[in-house]
Amino acid sequence: MPKRRASLQTEQAEQTESQGQQVTGKLPASEEVGPQANDTENVENPTLLDVVRTLYSKGKDVASKLFSMKFFDVAKTPDFMQDLGLRGEKFTIKYGVISRHFGKDGSHNLSERDWKQLPDALQNPFAIARLTDREDSYRIYTTLQTESGEYIVVGADVKNAGRDIEVNAISTAFGRRTDANLPQNEEVIYRSNEITPEQSSLLDRPNFGQYPTEQELSTDKGTTNSPISNELGEKMQYRLFKSRYR
């Protein structure tokens, strides 16, 4: 009988403990989630890399709940850039820009490795261009290359962050092909002394002079035009333009 009574007391104690867990919602010790298993959610001051890691490991839904509407420091602005017009003391980026690039086309979908190396890459670009059709907007040509070999270009706008504080707000970051040409709305204001021929080629303008225009073809005495030939000429010019200008 004593043994039976002891067994019943043990069963009652286990049931009470189980009910207590159900009421409090506390997991058994073996199933408790430690800080390392869920460290991103516990970060009080998340960084750019925290955002990127969350996007790649848990997706946009989780990242948006954690980081939506937040801004993140990326890197300090070198003195020579401030003299060129990028007056902000630092580069910043908001979550929406990072999220917009995640899962986009190949040139804009930077990898976790690209984002991690971007702050250092911003310190020593091989070229900087100013947008001629927008005030206080710039393109920084970094030496960082994506896995596909494209050079990462960062677009930044000088903005007022409040209390007379200016920042270089990153609006975009993308890979540019090595055979691409400088867009017409970009004016190069800085070239590195260590620029390579391949990097320098990205700063060239498209040379349309070597391709005859439709008007030149139509006025050529030895050319017989037809609607079909004109249409083919336009398509050829368009394809040449797309392949050389981005």
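User: Where in the chain is Ser111?
Analyst: Ser111 sits in the loop between H5 and H6. Helices (H or I, at least four residues) and strands (E, at least two) are DSSP runs, numbered from the N terminus.

User: What sort of model is this?
Analyst: This is a predicted model, in which local features need pLDDT of at least 70 and side-chain atom pairs count only at pLDDT 80 or more, while totals for chains, interfaces and linings use all residues. Residues are numbered from 1 along each chain as its sequence is written, and side-chain values use heavy atoms, with hydrogens and water left out.

User: Ser111 again: buried or exposed?
Analyst: Ser111 counts as buried because its relative accessible area is 17%. Buried means under 20% relative accessible area, exposed over 50%, and partly exposed in between (1.4 Å probe, protein chains only).

User: And what does Ser111 touch?
Analyst: Not counting residues up to four places away in sequence, Ser111 touches Tyr56 and Glu147. A contact means heavy atoms within 4.5 Å.

User: What about Glu112, which element is it in?
Analyst: Glu112 belongs to helix H6, residues 112-121. Glu112 is partly exposed, because its relative accessibility is 31%.

User: Which residues is Glu112 in contact with?
Analyst: Leaving aside neighbours within four places in sequence, Glu112 contacts Leu49, Val52, Arg53 and Tyr56. Arg53 is 59 residues away from Glu112 along the chain, yet their C-alpha atoms are separated by 6.9 Å.

User: Switching to helix H2. Which of its residues are buried?
Analyst: Helix H2 covers residues 48-58, and Leu48, Asp50, Val51, Val52, Thr54 and Leu55 are buried there.

User: What covers the buried residues of H2?
Analyst: The cover includes helix H3 (60-67), strand E1 (71-76), strand E2 (90-94), helix H5 (95-101) and H6. After H2 comes Gly59, with a positive phi near 90°.

User: Which residue other than glycine has a positive phi near 70°?
Analyst: That is Met69, with phi near 70°. Met69 is in the loop between H3 and E1, and it counts as exposed because its relative accessibility is 73%. Asp136 also has a positive phi, near 60°, and is not a glycine. Asp136 lies in the loop between E3 and strand E4 (137-145), and is partly exposed because its relative accessibility is 21%.

User: Why point those out?
Analyst: Because most residues other than glycine have a negative phi.

User: How many cavities are there?
Analyst: The count is 1 cavity of 30 Å³ or more. On a 1 Å grid over the protein atoms alone, a cavity is a set of points where a 1.4 Å probe fits but cannot get out, and a pocket is an open set with protein on both sides within 12 Å along at least five of seven lines; lining residues have an atom within 4 Å of a point. Grid points are joined across faces, edges and corners, and a volume is the space filled by probe spheres set on the points.

User: Which residues line the largest cavity?
Analyst: Its lining is Leu55, Tyr56, Ile98, His101, Phe102, Asn109, Leu110 and Trp115. H2 and H5 each supply at least two residues of that lining.

User: And how much space lies in the largest pocket?
Analyst: About 230 Å³. Of the 14 residues lining the largest pocket, Phe71, Thr92, Lys94, Lys159 and Ala169 are the closest to its centre. E2, H5, strand E5 (151-162) and strand E6 (165-176) each supply at least two residues of the lining of the largest pocket.

User: Last topic, what pLDDT does the chain average?
Analyst: The chain averages 76, and 65% of the residues score at least 70. pLDDT is the predictor's confidence in each residue, from 0 to 100.

User: How many helices and strands does the chain have?
Analyst: There are 9 helices and 7 strands. Of the 246 residues, 33% count as buried.
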